[in-house]
Amino acid sequence: MARAVTTRRKAFNTLLAWSIGLLIFFPILWTILTSFKTEAQAISDPPLFLFFDWTLENYAVVQERSDYTRFLWNSIIIAGGSTVLGILIAVPAAWSMAFVPSKRTKDILLWMLSTKMLPAVGVLYPIYILFIELGLLDTRLGLTIVLMLINLPIIVWMLYTYFKEIPGEILEAARMDGAGLKEEILFILTPMAIPGIASTFLLNIILAWNEAFWTLNLTAAKAAPLTAFIASYSSPEGLFYAKLSAAATMAIAPILILGWFSQKQLVRGLTFGAVK
Amino acid sequence: MGQITLNQITKRFGDVEVIPPLDLEINDGEFVVFVGPSGCGKSTLLRLIAGLEDVTSGVISIDGQDATTVPPAKRGLAMVFQSYALYPHMSVRKNIAFPLRMAGLDKAEQDRKVDQAAAVLNLTDYLDRRPGQLSGGQRQRVAIGRAIVREPSAFLFDEPLSNLDAALRVGMRLEISELHERLKTTMIYVTHDQVEAMTMADKIVVLRAGNIEQVGSPLELYKNPRNRFVAGFIGSPKMNFIEGAEAQKHGAHAIGIRPEHIEVSETDGPWSGVVGVSEHLGSDTFFHVHETGLADTITVRAGGEVGFRHGDRIHMTPREDVIHKFNENGLRIS
Amino acid sequence: MATQHSRSAARIMMAPAVILLLGWMLVPLTMTLYFSFKKYLPLRGGDLGWVGFDNYVRFVSSSTFWPSVQTTLIIVGGVLLITVILGVLLAILLDQPMWGQGVVRILVIAPFFVMPTVSALVWKNMFMDPVNGLFAHLWQAFGAQPVEWLSNASLFSIILIVSWQWLPFATLILLTAIQSLDSEQLEAAEMDGAPPLSRFAHIILPHLARAITIVVLIQTIFLLAIFAEIFVTTGGSFGTRTLTYLIYQRVLESQNVGLGSAGGVYAIILANIVAIFLMRIVGKNLDA
């Protein structure tokens with residue numbers, strides 16, 4: 001710190017920042033609180049904040065009635081699968097770009113990123129009928145592939161930036177030591193890039209978990225992940241605040257926790273390195 | 001065996017010719033040093049031999065076999081990098097064992113060879129550490145250990161001492177020379193430091209702009225530099241060059257005389273000048289002499305006790321038998 | 001800087017990613033272009049032949065087109081305005097010394113990790129519901145008539161929801177940018193006697209210009225495509241039908257694929273215009 005700050009000033013900053021922070025966080029907090037109320041308490045007037053009969057009943061009901069775990073599994077498989085698949089495809093590509101750059105590397109990278117900007121709605125119908133033709137509609141496999149493809153540019157990009165930080169001499173040393181390409185990537189590059197690969201993994205799990213265009217439009221009942229499960233509560237007869245809150249809490253909790261670990265990667269991944 | 005022949009090899013990066021056609025013969029067991037100013041292509045040449053870069057044209061043969069298109073892993077060479085290039089995620093033991101693991105040796109054999117190399121390099125106590133926990137000199141030893149376990153036909157060193165501090169550098173220089181004495185394996189060593197070249201090499205290759213200026217033993221280069229560039233590059237402090245009338249007296253465009261080949265005196269001598277900076281090393285003293293009418297500065301070496309002061313006018317006598325003569329193109333006239 | 005071996009290896013290793021993305025881009029794009037020149041109604045006769053630019057003309061001249069463009073612009077513009085202004089202020093605040101900075105940061109960033117369908121539903125039901133929503137309670141507490149947010153102030157409501165989701169993103173990036181500002185520069189300005197407001201205007205804001213541009217460009221691309229927030233709140237009614245939503249309705253709801261595809265081509269062109277600017281900045285950064 002460049003200089004001392006008066007305690008009064010610091011207290012003021014703290015008070016202001018905490019108030020704003022809590023205000024922004026409030027909808028999430030309110031959802032979590034409501035999930036522990038009974039339906040009657042959830043809509044009581046005036047609203048109840050902390051002094052109500054805490055209950056876990058909603059969680060049980062949501063699970064029982066809507067088979068929450070099935071949607072959860074779909075989310076886990078689709079988000080996890082698309083990310084793992086994406087990383088497997090992106091590691092070799094990022095290796096090429098980072099360690100064997102050519103004049104076209106930059107163009108290829110920019111082109112890859114630009115595919116990320118293709119508006120999904122512009123290709124909705126073609127993908128929709130391709131999915132019907134290929135029997136992929138409402139399957140986990142189909143969604144896994146689509147989410148892998150839409151996030152592949154970000155995965156390649158992030159891995160590329162992490163790989164660039166690894167000195168090429170170490171890979172050359174491996175080559176001199178008798179390592180082939182496979183050994184070089186498996187025994188040297190990958191272990192060295194574990195932190196970067198982990199961050200990439202984290203950010204892409206989040207992006208895939210929350211994706212809500214293709215997951216809504218390409219699934220019906222079988223392969224629907226949590227995004228679609230929550231959307232099913234939008235019909236008027238689904239107006240049960242406490243249960244909605246319990247379902248919402250369960251849907252966002254895992255990702256909220258992961259997200260807190262990935263703040264730095266968020267900036268790096270989503271600005272394509274333009275802000276450091 | 002470790003006999004390497006470069007035949008008319010060239011290297012271009014796009015339109016830039018880094019190495020013009022070049023021939024070089026490296027004999028088995030030789031300690032060869034590539035030396036030259038930065039950007040002279042010495043590291044590129046080493047990487048071409050290693051196979052980390054392709055030659056644009058020409059043939060590289062190792063032990064009589066054409067190795068021009070053989071990948072680095074298959075050339076049977078080992079390399080020590082400037083940054084050491086240790087694998088940060090592996091213990092010292094695993095670093096040294098890596099080439100053996102790649103060669104498919106069984107675990108017991110790996111351990112035996114690693115232990116052997118560690119004993120030679122005083123690394124036995126550090127085998128379970130990570131490279132990040134070692135000092136610069138220790139890292140350097142690990143890099144060398146990783147190279148020797150392969151029992152390569154030749155070692156390649158790319159400025160291996162430039163990241164060490166001065167005291168360590170002298171120690172490591174000796175260790176590498178001793179290693180060469182013991183292994184008798186071909187070593188190719190790249191450096192920009194002519195002291196390293198002079199002290200370690202059997203054969204020095206002086207490079208400038210990708211061209212070989214001269215090849216020879218340290219003393220050959222010192223005594224008979226082929227041109228002004230080599231004359232100026234080899235030897236410390238640098239050779240004095242004098243042009244004009246004084247050179248013409250010797251029938252040359254320019255003459256060169258090393259500081260150690262000039263005698264100084266208070267009274268006698270054909271040349272005279274005023275003492276500027278003097279550097280006292282104890283064993284020797286170097287005087288930088290100005291206002292000689294010959295060159296901007298003439299550097300001379302005198303004994304440690306000679307005590308001229310700044311501003312003193314002194315006289316100098318060059319040893320006529322070791323005056324080097326050069327023509328307009330900078331080539332030596334014999 | 002490499003050998004023939006490694007270069008050909010690099011080409012092979014890059015191939016899967018390049019081929020997949022090329023396919024992902026070209027196949028559907030070609031199909032969209034193809035459909036856009038056809039009268040194609042899967043449920044009412046199927047492929048009814050080529051119609052030239054008819055769909056393009058009809059899409060633009062339909063009574064729903066301009067309102068949807070207007071809606072899109074209002075939502076994108078509104079969200080950008082709110083997130084950038086609040087984002088700058090919040091980033092500056094979070095950069096100040098305080099107790100519990102890390103926790104506040106987490107609180108502020110949290111909304112970004114909430115899936116769009118959840119945030120839309122939570123806002124719709126628990127805050128904006130005219131009977132049981134918190135806002136209704138709040139309004140009543142002050143003796144005011146509760147507002148029917150999603151039907152009477154539908155655009156504002158959607159802007160509010162989307163801004164809440166994207167404010168963390170803007171704040172986080174602007175905060176990163178502020179933290180890279182050389183503090184000596186600010187101190188020098190202070191020594192030169194610049195008051196806080198002019199330090200902000202002449203040093204902090206210009207330093208942030210680049211980051212703001214990037215936030216605007218990236219958010220624009222994502223905001224042009226918002227879907228779930230409208231899907232689960234208003235379903236496109238009450239004047240919240242954006243261009244994206246209009247195309248979605250043409251394609252999947254009314255199954256007028258030709259017309260929808262023509263709209264899709266417009267959307268792709270629009271996104272590409274934004275993308276070009278963004279890619280320029282990213283490309284420049286890549287050289288550095």
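Against which elements of chain A and chain B do the buried residues of α8(A) pack? The answer follows the ground rules.

This is a predicted model: local features need pLDDT of at least 70, side-chain atom pairs count only at pLDDT 80 or more, and totals for chains, interfaces and linings use all residues. Residues are numbered from 1 along each chain as its sequence is written, while chains are lettered from A and ligands numbered from 1 in written order.

**Helix α8 of chain A**

The buried residues of α8(A) pack against α4 (68–99) and α9 (181–192) of chain A, and also against α1 (42–50) and β6 (77–80) of chain B. Helices (H or I, at least four residues) and strands (E, at least two) are DSSP runs, numbered from the N terminus. Helix α8(A) spans residues 168–176 and is mostly covered, with seven of its nine residues buried. Buried means 20 or more other C-beta atoms within 10 Å of the residue's own; exposed means 12 or fewer, and partly exposed lies in between, with C-beta atoms placed from the backbone. The buried set includes A:Glu172 and A:Arg175. Just after the helix, A:Gly178 has a positive phi of about 100 degrees.

**The nonpolar core**

A nonpolar core is a set of buried Ala, Val, Leu, Ile, Met, Phe, Trp, Tyr and Cys residues joined through C-beta atoms within 7 Å. The largest one holds 269 residues. Helix α7 (residues 140–164) of chain A contributes the most to this core, with 17 residues. A:Ala90 is among the residues with the most contacts inside the core. Beyond its neighbours within four places in sequence, A:Ala90 is in contact (C-beta atoms, placed from the backbone, within 7 Å) with partners including A:Leu152 and C:Ala17.

**Chain C against chain A**

This contact takes 88 residues from chain C and 86 residues from chain A. On the chain C side, helix α1 (residues 4–36) gives the most, with 18 residues. The table gives the classes on that side. Ala, Val, Leu, Ile, Met, Phe, Trp, Tyr, Cys and Pro count as nonpolar, Asp, Glu, Lys and Arg as charged, and the others, Gly among them, as polar.

| Class, chain C side | Count |
|---|---|
| Nonpolar | 69 residues |
| Polar | 17 residues |
| Charged | two residues |

**Chain B**

Chain B is divided into domain 1 (4–232) and domain 2 (237–333), with bounds from an automatic or database domain assignment. Their C-alpha centres lie 37 Å apart. The contact between them takes seven residues from domain 1 and 10 residues from domain 2.

Definitions and conventions:
Two residues are in contact if their C-beta atoms, placed from the backbone, lie within 7 Å.
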